[in-house]
Amino acid sequence: MRKRISKILVTGGAGFIGSAFVRLLVKKGISPVIVDKLTYAGDLKRLEEARGKFKFYKTDICSKKKVEAIFAKENPDIVVHFAAESHVDRSIQDAAPFVETNIKGTQVLLDVSRKHKVQKFIFISTDEVYGEIAKGKFKEDSPVKPNSPYAASKAAADLLVQAYIRTNKFPAIIIRPSNNYGPWQYPEKLIPLAILKILQEEKVPVYGKGLNVREWLYVDDCASGIMAIMSKGKIGQIYNLGSACESRNIDTIKLLLKTLGVSQSGFEFVKDRLGHDLRYSLNSRKVIRELGWKPAVKLDPGLKLTVDWSLKHQDWIKSKLGEINKLYNK
Ligand code: NAD
Ligand code: TDX
């Protein structure tokens, strides 16, 4: 008898990384169920190429009643949980939605998933739960020491998942990706914001002296890593997911200005972010050695792909301008 294909429920599937994962599932012939509240960050345009190949529920993951009803109807085998408030600067302005969605929303999903006996629960955490590291790299067993309200809310959720694994033998896996970039990223984050500024012929705002380091992972590589871990990862484990492509913000912006063919002076140093983490860096040997995953796109070609995509989707990027001006008070 042919084995039934697992039914996959994806939260936050209309977001930046969630939609890349959904597009990958659909390419592989899998039709997921998506649960997304469509906050300012959610956008179904990201899923246009997958139209008709997924089922969509516009629902807040914090509403236990609604999530229960979806699980009762859909009976998912696997849950991949991306939905979150994801922007550090917003969490500094107001932590409330971060506590609500990232912590309570995760608790609701854990309880409903447990009740419905899902086979696997994949939690998308972040490298930010470790805090900053001046030298060396974080391993999966490094202490969790978050700094921003965003990171603290993700760490709380990450620890809650670990508690359910230990207490209830809940079949979860935790993934901690590094900074993503690529097509369809909301232009509040550094790389798409810089592209938007350059398109508007404005200077790119670089916090502090631009010496903070981030490890840049192309979004399709992140999606393929999540797929590998979902398919072959060990239950109860934590996996770092990074690219080893580290770059200081100032160098990233200069590379981007070069890629766009504009003057190298197209940026300005602005007031630093409060509590700004100096450097994130992941040791990703576990996923590489155990599961054979490898990122395919380095930073230079990844920025070229992102710029090419952005030039073709200027209308979409510029449609977020009002919201961005509201966020950065202009
Ligand atoms: P995003 O902000 O682009 O998307 C988040 C999605 O979640 C949106 O579609 C939004 O509508 C939805 N959402 C928000 N609150 C919700 C709620 N209460 N109920 C249902 N849906 C809700 O985020 P992203 O950059 O795609 O990040 C996805 C996940 O990956 C997040 O958990 C984030 O913490 C994590 N992560 C992101 C990065 C990165 O660089 N972007 C790196 C590491 C980890
Ligand atoms: O205008 C800016 N100028 C600037 O210098 C912005 C928006 C950012 N920065 C700096 C701050 C960081 O050092 O660029 C770096 C990247 O900033 P963000 O794009 O805001 O990302 P970061 O704070 O590193 O967090 C990201 O990576 C981990 C994601 O937003 C998180 O969701 C993820 O968990």
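A residue counts as buried when its relative accessible area is under 20%, and a salt bridge requires a side-chain nitrogen of Lys or Arg within 4 Å of a carboxyl oxygen of Asp or Glu. The exercises below concern a predicted model.

**Exercise 1. The setting of Lys 154**

Task: State where Lys 154 lies, which side chain of opposite charge is nearest to Lys 154, and which residues Lys 154 is in contact with, leaving aside neighbours within four places in sequence.

Solution: 
- Step 1. Locate the residue: Lys 154 belongs to helix H5, which covers residues 149–168.
- Step 2. Look for a charged partner. The nearest side chain of opposite charge is that of Asp 158, 8.1 Å away. A salt bridge needs a distance within 4 Å, and Lys 154, although buried, has none.
- Step 3. List the contacts. With neighbours within four places in sequence set aside, Lys 154 touches Ala 84, Asn 102, Phe 123, Ile 124, Ser 125, Thr 126 and Val 129.

**Exercise 2. The surroundings of ligand 2**

Task: Find how many residues surround ligand 2, which element gives the most to its shell, and how much of the ligand's accessible area the protein covers.

Solution: 
- Step 1. Count the shell: ligand 2 is surrounded by 23 residues, and the closest are Thr 126, Glu 128, Tyr 150, Arg 273 and His 276.
- Step 2. Helix H3 (88–93), helix H6 (190–199) and strand S8 (204–207) supply at least two residues each. Strand S8 contributes the most, with three residues.
- Step 3. Check polar side-chain atoms against oxygen atoms of ligand 2. One from Arg 273 lies 2.6 Å from such an oxygen, one from Arg 214 lies 2.7 Å away, and one from Asn 249 lies 2.9 Å away.
- Step 4. Read off the cover: on its own, ligand 2 has 650 Å² of accessible area, and the protein covers 94% of this.

Terms used
Residues numbered from 1 in each chain as written. Chains lettered and ligands numbered in written order. Predicted model: local features only at pLDDT ≥ 70, side-chain atom pairs only at ≥ 80, totals over all residues. Heavy atoms only, no water. Helix = DSSP H or I, 4+ residues; strand = E, 2+ residues; numbered from the N terminus. Buried < 20%, exposed > 50% of the residue type's maximum accessible area, 1.4 Å probe, protein only. Lys, Arg positive; Asp, Glu negative; His and termini not counted. Contact = heavy atoms within 4.5 Å. Near = heavy atom within 4 Å. Polar contact = N/O pair within 3.5 Å; in protein donor to acceptor, adjacent residues only side chain to side chain. Areas by Shrake-Rupley, 256 points an atom, 1.4 Å probe, with all protein chains shown as cover.
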